[in-house]
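Here's a quick tour for anyone meeting this structure for the first time. Have a look at it, then read on.

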Amino acid sequence: MTSLSEEGLSTNLVQWSEDWTASFQNDGFATMACPGWMLGVIEGNADGVEGWDIANVFPGGGGNWGGSYLTVPAQGDNVEEAQELAKWLTAPEQQIKAFEAKGTFPSQVDALTDPALTGSTNEFFNGAPTGQILADRAEAVPFIAHKGPKFADINTAFQQAIQRVDEGKESADEAWDSFLADVERLG
Amino acid sequence: MLDAKVSPYLFVSPFFVLFLVVGMFPLGYTAWVSVHQWGLLSGQGDFTGLENYRRVLEDRYFWNALRNTISIFLLSSIPQVLIALALAGLLDTQLRARTLWRMSVLLPFVVAPAAVALIFGNVFGDRYGLANEVITWIGLEPIRWHVDTLASHVAIASMVNWRWTGYNALILLAAMQAVPRDVYESAALDGAGRIRQFTSITVPMIRPTVIFVIITSTIGGLQIFAEPRLFDTQGLGGSDRQYQTLTMYLWELGWRVRDLGMASAVAWLLFLIIVVFALVSLLVSRRAGTLKGHHRRSAPLKGARR
Amino acid sequence: MNRRPGFFVYGLLTAFVLGSCAPLYWSFLVGSHSREVLTKRVPPLLPGGHFWDNAQRAFDAVPFWKALGNSLIVSGTVATSVVFFSTLAGFAFAKLTFRGRTPMLVFVVATLAVPTQLGVIPLFIVMAKLGWVGSLWALIVPSLVTAFGVFFMRQYLLDALPDELIDAARVDGCSLFRTFWTVALPAARPAAGILWLFTFMATWTDFFWPLIVLPASNPTVQIALQQLQSGYYVDYSLVLAGATLSTIPLLVLFVLTGRQMVAGIMQGAVKG
């Protein structure tokens with residue numbers, strides 16, 4: 001991150017900011033990390049811009065960023081039924097159907113070999129075999145990191161630390177230290 | 001006879017009952033929550049005395065938020081009062097269509113702070129905003145409005161200034177119109193020009209109102225929330241919390257960190273800070289009042305605004 | 001003294017008024033262009049033809065009509081309630097004598113400067129206990145009365161309502177409530193109107209408390225605006241079309257009642 005920033009390879013844009021969005025139309029990006037759900041975001045923001053493609057690479061093999069979760073609160077009235085529903089919704093068959101309908105990438109390992117997925121391509125991204133690429137990257141994920149109850153807060157703190165480095169407000173070491181202090185503060 | 005004795009209480013009691021429940025009870029209860037461990041979801045925990053206050057006062061983000069709040073407040077109130085004074089001076093003339101002019105300067109007041117924040121957030125875009133387009137067109141370096149601390153404060157203060165300057169000008173105008181016209185006549189006979197009359201007669205004579213405007217903008221300015229909260233899409237006040245204000249800090253503690261105990265401690269500290277600031281302003285206004293002798297019109301009344 | 005202004009004064013005032021209008025015009029301008037135009041640097045300075053397209057997309061993105069209805073209900077109810085209770089109590093404080101009047105009034109004045117933010121945490125706890133978080137009750141009930149309103153109505157009625165009128169009504173055998181209804185209320189009308197307007201506006205533009213208690217599915221206008229901006233894309237043609245739309249109701253109110261607002265502020269009827 002530091003070296004990217006120092007060598008001028010960072011766009012210095014805050015993700016989801018207005019400038020970030022506008023950069024899709026103004027040749028502001030060369031590359032960006034692209035989890036499955038980002039395809040739609042890029043396609044929407046870069047509407048009318050040609051030349052986007054997706055590569056089958058990721059440093060360290062594979063990783064996970066974002067995604068959706070189903071939660072059943074213990075206080076609910078019909079906890080068991082809700083768990084059954086959640087189970088059914090996240091079963092490979094349903095996930096493939098959701099993928100075919102809306103392009104949401106499945107989380108079940110069994111679904112990753114489904115031909116409906118591996119055979120899919122994306123016209124906007126130069127006809128790339130997006131299904132196969134994302135499946136490959138998912139297979140390459142070495143382990144699933146635990147996400148504790150404060151995951152979102154810690155994640156935000158970390159993104160802010162990176163942003164401070166990117167904006168030149170702190171060095172990488174300083175940002176790491178203040179990130180640790182921020183996490184400490186969450187209690 | 002019973003009617004005359006009892007009715008007055010019936011008239012004021014709906015107000016007092018409701019006010020005690022929704023206005024006064026929360027104040028006391030905030031103090032109660034602030035001396036307990038109290039999670040947003042888990043509810044009341046152990047009594048912890050002043051522990052929450054200690055944790056707040058040891059948190060660097062509290063002091064950061066206090067600095068930001070005061071900085072934004074100074075950047076908004078000082079230019080605002082000066083421009084409002086000048087504007088009121090312009091309006092205090094025999095204008096044609098005077099109601100129309102007065103209404104025109106009040107226009108920004110009807111735009112909600114949330115909308116103001118979105119509009120100005122767009123104008124002050126770091127890379128593709130109108131402000132930077134103009135700045136680079138003049139030949140200057142673009143400013144990182146969302147990154148640099150002072151620049152972000154200027155941008156946020158400009159939202160406050162835009163919305164409130166005309167409003168304050170009308171209050172000052174009301175005071176100016178109460179200044180007796182014969183004072184100006186004798187000054188004119190002595191050869192004082194208009195600008196001279198304005199600085200040495202008008203401004204001193206409406207001084208109590210000026211200080212009143214300062215006090216109310218202090219109370220409002222210290223609670224600023226919507227403008228910095230909506231200045232970026234994340235709502236935390238920037239990567240380094242460079243524009244996180246005290247009210248945003250309260251919100252973060254309560255509804256992000258989910259610690260209502262600490263958030264209550266912040267609420268009380270914020271209250272104390274406002275009281276201190278208001279008292280200082282009041283003392284200054286008293287002193288200024290006695291120094292300057294009479295003023296014909298007392299300051300208009302006003303509740304906490306914003 | 002005759003101080004007829006020249007071109008200089010008119011010029012400065014015009015510049016100021018242009019500055020007052022410019023951000024609103026900018027908002028409409030951005031909201032009236034298509035997204036493609038906007039992403040290419042600064043848009044043309046004349047409005048484009050996409051305002052209704054963008055507005056339509058804003059309606060699709062957030063429950064805008066519902067938000068508008070909610071804001072109207074909440075602001076209207078709160079303003080009416082504040083005016084009614086304030087006039088009632090203000091009349092008693094201004095014109096009736098009763099034991100404890102002065103200390104009670106001192107209490108009202110003393111609470112004028114207490115910031116509402118101070119009470120949000122307990123209010124939230126109480127609203128959660130009552131199961132009102134997420135409903136409009138959470139916005140309406142805590143705002144039903146204000147100390148400022150009582151003080152303001154008292155100040156007004158003190159001068160505007162002659163004691164002889166009350167005495168006459170009493171001699172005619174009116175009860176105090178009837179006196180209030182037939183004599184005080186009509187006399188209070190100008191101030192009541194101003195108080196209503198400013199309370200309505202303050203409630204309509206409030207952001208902090210609705211942000212805490214209302215969910216995305218049941219917003220007020222201000223919360224709907226915030227949602228427009230906090231999505232994954234910040235599409236400014238959409239956001240500023242929404243900001244423009246959200247301002248229209250208050251602009252209409254301003255056109256209709258701007259004179260009274262100006263008069264109210266200049267008389268000290270100021271509550272934002």
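Let's start with chain B: its accessible surface is about 12400 Å², and 66% of that belongs to carbon and sulfur atoms. (Accessible areas use the Shrake-Rupley method with a 1.4 Å probe; for residues, only the protein chains shown count as cover.) Keep in mind that this is a predicted model, where local features need pLDDT of at least 70, side-chain atom pairs count only at pLDDT 80 or more, and totals for chains, interfaces and linings use all residues. Residues are numbered from 1 along each chain as its sequence is written, chains are lettered from A, and side-chain values use heavy atoms, leaving out hydrogens and water.

Chain B has 306 residues, and 59% of them count as buried, meaning under 20% relative accessible area with a 1.4 Å probe, protein chains only.

| Chain B with chain C | Value |
|---|---|
| Residues from chain B in the contact | 101 residues |
| Residues from chain C in the contact | 100 residues |
| Area buried | about 9000 Å² |
| Share of that area from carbon and sulfur atoms | 77% |

Over in chain A, A:D153 counts as buried because its relative accessibility is 12%. Leaving aside residues up to four places away in sequence, A:D153 touches A:L186, B:R256 and B:R258.

Key: Contact = heavy atoms within 4.5 Å. Buried area = accessible area lost by both parts, 1.4 Å probe. Buried < 20%, exposed > 50% of the residue type's maximum accessible area, 1.4 Å probe, protein only.
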